[in-house]
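Hi,

Here is the structure you asked about.

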Amino acid sequence: MRMNRMTAQPNVTAQKIVEFCRFARDRGLPVSVQETLGALEASAALGATRTDDLKFGLRSVLCSSKEDCDLFEQCFEAFWNGGTREASARQQPHARDTRHSRITRRNTHSMMSSGPSGEDGACEPEGAQAMAGASVCERLAKADFATLQQTDMAALEQIALRLFRQMARRLARRRRISTASGQVDLRRTIRRNVSRGGEPINLRFRERRPRPHRLVTLLDISGSMSPYSVFLVRFLFALQKHFRHVDTFLFSTSLVEITPMFRGRRLHDALRALSQLPAGWAGGTAIGGSLREFNQLHRRKLHSGDTLFLLLSDGWDTGQPSVLAAELARVKRQVRRVIWLNPLLGMKDYQPLTGGMSAALPHIDVFAAAHNLESLLALEKHL
Amino acid sequence: MGTSEHSPSSVGQDVDAVVAGFERQGYVIDRALATAIFLVTKLRKPILVEGHAGLGETELAKALASLLGTPLIRLQCYEGLDVSSAVYEWNYQKQLLAIKIEEQSKQTVEEKERHIFSREFLLERPLLQSIQFEDQSPVLLIDEIDRADEAFEAFLLELLSDFQITIPEMGTIHAKHVPYVVLTSNRSRELGDALKRRCLYQWIDYPSLEKEMRIVRTRLPGIEERLAQQVVAYVHAVRALNLSKPPGVAETLDCAEALMVLGKKQFDEQAIHETMGCISKSVEDNAKIKNAGVSTLLN
């Protein structure tokens with residue numbers, strides 16, 4: 001019925017599509033002017049066709065990931081089919097209309113994002129700066145995760161995301177500068193030596209593109225770690241950007257691989273996938289046992305000389321210290337460096353004297369704190 | 001760039017024609033993808049096809065090329081792919097030889113230089129080839145773009161917006177006919193926003209039971225209906241097991257073909273073991289399938 005009217009008046013179609021684009025943007029789809037223009041072009045190319053075709057066409061223009069597609073389905077349903085009420089509201093004069101949609105946007109927004117982390121990172125840095133001035137940043141960067149106020153959590157998360165991303169970028173740059181030159185670059189060599197009759201006298205070299213290490217991380221999510229694991233998960237997610245191969249595991253009493261949940265997703269979606277994991281967050285700890293499981297099943301992921309092994313745990317182990325030591329020693333033989341981050345190390349009078357921790361110490365190359373943002377960012381120099 | 005001056009009749013004027021055309025090529029296409037492809041031919045935008053491995057992303061480009069009756073140019077991306085293997089490279093050996101041969105000639109250095117940096121010494125790689133066609137637009141398949149690094153992605157972005165390539169020694173080459181560009185990704189990493197925005201987007205999911213049956217029938221016309229049904233149902237059950245590498249349509253076809261070669265009439269426990277290698281690609285997945293038991297996998 002509505003489609004019929006649309007075919008009669010192409011201008012009406014165009015207007016509808018612009019309205020739909022705005023509608024979708026309000027609901028979180030990344031639709032800018034460019035996409036809106038694309039949508040208009042697409043609908044013009046499709047001409048007067050079935051609703052289905054229009055939907056698929058708009059979807060291919062407006063979406064750029066699977067998650068977008070799912071969101072698009074909802075928006076499209078609401079706007080064209082289910083939302084007669086919505087549609088009639090849109091017939092009202094324009095000024096009121098936009099204000100109305102602003103308000104609904106706020107509401108749906110807070111409902112849709114499951115955590116305080118919000119959307120894909122594109123707009124976050126500005127948001128964080130607006131929210132937190134330099135001094136607040138500094139205070140929060142030094143604050144222990146465990147003693148954090150609930151109100152500071154959101155701000156800290158945004159700062160953390162920004163800093164983690166910066167760190168990843170810095171790491172990439174440092175590598176590019178520091179590598180020595182590699183193969184002869186024939187192209188430039190010839191160019192330089194044409195005047196000498198092509199005899200390659202002045203050699204030109206091409207830098208070998210550096211190959212980042214592999215990173216294998218194990219994050220302790222047992223009860224004693226729970227104030228920290230929220231941030232550490234985000235930290236691990238940010239690290240992914242830098243390393244070519246990252247294998248990520250969670251453990252408490254047993255080991256779960258979460259690599260596939262991290263891969264190719266936005267942080268928001270990755271966290272949602274994690275929250276659906278069957279493994280219980282905040283249970284007991286069996287570090288030695290989990291490491292044994294790792295060695296049995298995933299040892300082939302360790303490439304000696306190329307792999308960094310990163311373990312994030314407070315070292316409270318309910319198992320035998322000897323098991324932990326033996327398994328960690330096995331890991332150590334296969335990797336370039338073992339890094340253990342322990343949040344408790346941030347406490348003034350902490351001594352790594354618990355059975356597990358002291359047994360593990362001889363096999364650790366870098367033992368560092370991980371109780372606040374600063375300590376996590378300090379890890380940069382070991383990566 | 002002229003958009004509609006060159007839209008081949010074989011694709012036709014609407015989405016139905018695209019669907020029919022692809023079916024003729026033996027490619028079972030759903031309406032959503034057909035609509036996107038239709039828009040590719042009309043708007044001349046690149047399309048980014050994402051999905052799990054083995055769901056026919058690459059086949060799509062091949063089918064599109066043969067449907068349009070144009071050549072297919074394929075660039076397989078990999079880690080460390082650089083401009084010299086994707087765009088162009090000078091034929092160094094030939095250049096060195098040419099310099100030697102011309103040593104005694106009376107040419108000036110400038111003339112020599114101009115000669116050895118002429119087209120004769122240029123090795124054209126896929127991206128350069130794709131913009132050099134005189135009479136028609138080829139299909140350019142950029143396969144598994146997620147494997148290439150971000151630097152290459154940025155370069156590609158530039159190419160996809162201008163369709164021109166600058167070779168310092170020769171000048172800028174503009175495309176006479178803008179290629180139809182199909183990019184595929186298996187989502188091993190997230191692509192840059194800029195690249196995604198430039199493309200139409202299509203997510204390919206695992207096919208429904210009916211669609212997969214149609215694919216099996218189309219690709220393996222000789223298969224017995226009952227066997228095909230059993231295999232497809234089995235693969236669907238396996239996909240529900242949460243394997244580290246769930247089988248795609250390619251694996252279904254492999255498995256069905258293997259059964260035909262083995263002369264099986266019936267898909268049973270024995271057959272599951274014999275065709276395990278077609279479906280599961282790791283020890284852990286093997287174990288998961290075995291643990292799931294025959295009764296859940298065959299019903």
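Predicted model: local features only at pLDDT ≥ 70, side-chain atom pairs only at ≥ 80, totals over all residues.

Chain B overall. Chain B holds 16 helices and nine strands. It runs to 299 residues, and 38% of them are buried. Take the contacts in chain B between residues at least 6 apart in sequence: 76% of these join residues at least 24 apart.

The sheet. Five strands of chain B form an open sheet with parallel pairing. Their order is S2-S5-S8-S1-S9. S2 (72–76) and S9 of chain B are the edge strands; each has a single partner, so one side of each lacks a neighbour in the sheet. On average, neighbouring strands are turned by 20 degrees against each other, direction ignored. Inside the sheet, S1 (residues 47–51) and S8 (residues 180–185) of chain B run parallel and are joined by four bridges. B:Glu50 sits opposite B:Ser185 in S8(B).

The contact between the chains. Chain B puts in 33 residues and chain A 29 residues. On the chain B side, the elements giving two or more residues are H2 (31–43), H5 (92–101), H6 (109–116), H9 (193–198) and strand S9 (200–204). H2(B) supplies the largest share, with seven residues. By class, the chain B side has 15 charged, 13 nonpolar and five polar residues.

Best wishes

Definitions and conventions:
Residues numbered from 1 in each chain as written. Chains lettered and ligands numbered in written order. Contact = placed C-beta atoms within 7 Å. Nonpolar A, V, L, I, M, F, W, Y, C, P; charged D, E, K, R; others polar. Pairing = 2+ DSSP bridges. Axes fitted to C-alpha atoms, helices over the stretch in contact; angles between N-to-C directions. Buried ≥ 20, exposed ≤ 12 C-beta atoms within 10 Å, placed from the backbone.
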